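Please look through the structure shown here, and then read the report that follows, which moves from strand pairing to the packing of side chains.

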Amino acid sequence: MRFIGKVIETFSATKEQSSLPRPKVKSLNLIKDHGIEFDKFAGKKLDQTVLIVGLKSYEIARDNGVFLEYGSLGENILFDFDPHEFKVGSCFKIGEAIIQITQICTVCNHLALFNENLPKLLKEHRGVYCRILNSGVVLSNMKVEEYIC
């Protein structure tokens, strides 16, 4: 395993919370074959249960005059590195949790609510979806390691 960065913040929304930015939470309980405990998407598309975003996405927006609060991109986990530098199939270990990149997240038009140019600005950096390979709790400031899966 190789250390690659850390978790900046964690976010989750229940069924009662459907707006952006996604609410910040103290921790995420990632559950294999289920999703994030209490999250509105838990138990649904298991290959898209965790959305990860890197600080670079927010930097791209900021450098183009769009200032966003963390959680605005709908992420569950915000990393201090760019997950787009890793290929589909790559795995990350965070504590006991292991997640695997399954696909690049397409840009949603709802991001235009923040700024009409945001979907174009983040076309290549909207985030990546992951599935949970091993359950575990994720907290801010936890180290992230590249994991061979």
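Ser27 has Leu139 in β10 as its bridge partner, and this belongs to the antiparallel pairing of strand β3 (residues 27-31) with β10, which extends over four bridges. Strands pair here if DSSP finds at least two bridges between them, while the elements themselves are DSSP runs numbered from the N terminus, with helices (H or I) of at least four residues and strands (E) of at least two. The model is a predicted one, in which local features need pLDDT of at least 70 and side-chain atom pairs count only at pLDDT 80 or more, whereas totals for chains, interfaces and linings use all residues. Residues are numbered from 1 along each chain as its sequence is written, and side-chain values use heavy atoms, with hydrogens and water left out.

The two strands β3 and β10 lie in an open sheet of three strands, ordered β4-β3-β10 with antiparallel pairing. Because β4 (35-36) and β10 (136-139) stand at the edges with a single partner strand each, one side of each is left without a neighbour in the sheet.

**Strand β7 and its partners**

Strand β7 is joined to β8 by four bridges, the two running antiparallel, and Cys91 stands opposite Gln100 in β8. These strands form a hairpin with two residues between them, and Gly95 in the turn has a positive phi of about 65°. Strand β7 is also joined by three bridges to strand β11 (residues 143-147), again in an antiparallel run. Here Phe92 stands opposite Glu146, and the C-alpha atoms of these residues, which are 54 residues apart along the chain, are separated by 4.8 Å.

Which way do the residues of β7 point? Cys91 and Lys93 point one way, Phe92 and Ile94 point the other way, and all are buried, a term that means under 20% relative accessible area, with exposed meaning over 50% and partly exposed in between (1.4 Å probe, protein chains only).

Phe92 has a relative accessibility of 0%. Leaving aside neighbours within four places in sequence, Phe92 is in contact (heavy atoms within 4.5 Å) with residues including Ile4, Ile52, Phe79, Val144 and Tyr147.

Ser90 is found in the loop between β6 (77-79) and β7 (91-94), and with a relative accessible area of 16% Ser90 is buried. The side chain of Ser90 reaches the backbone oxygen of Lys87 at 2.8 Å. Beyond neighbours within four places in sequence, Ser90 is in contact with Ile99, Gln100 and Ile101.

**Aromatic pairs**

A pair of aromatic rings is described by the distance of the centres and the angle of the planes. Rings of Phe, Tyr and Trp (its six-membered ring) pair if their centres lie within 6.5 Å, and planes under 30 degrees apart count as stacked, over 60 as edge-to-face and the rest as tilted.

| Pair | Centre to centre | Angle between planes |
|---|---|---|
| Tyr58 and Tyr70 | 5.0 Å | 70°, edge-to-face |
| Phe86 and Phe92 | 5.1 Å | 80°, edge-to-face |

Tyr58, in helix α1 (residues 55-63), and Tyr70, in the loop between α1 and β6, are twelve residues apart, and their pair links distant parts of the chain. Tyr58 is buried at 6% relative accessibility, whereas Tyr70 is partly exposed at 36%. Phe86 is buried, with a relative accessible area of 13%, and Phe79, Phe81, Phe86 and Phe92 form one aromatic cluster.

**Cores and helix α1**

In soluble globular proteins, nonpolar side chains tend to be buried together. A nonpolar core is a set of buried Ala, Val, Leu, Ile, Met, Phe, Trp, Tyr and Cys residues joined through side-chain atoms within 4.5 Å. The largest such core has 22 residues, of which Leu30, Ile52, Ile77, Phe79, Phe92 and Ile94 touch the most other members. At least two residues of this core come from each of β1 (2-11), β3, β5 (50-54), β6, β7, β8 (97-104) and β9 (128-134). A second, separate core of 16 residues includes Phe11, Tyr58, Leu118 and Tyr129.

The buried residues of helix α1 are Leu55, Ser57, Tyr58, Ile60 and Ala61, and what covers them includes β1, β5, β6 and α2 (118-121). Just after α1, Gly65 takes a positive phi of about 80°.

Key:
Polar contact = N/O pair within 3.5 Å; in protein donor to acceptor, adjacent residues only side chain to side chain.
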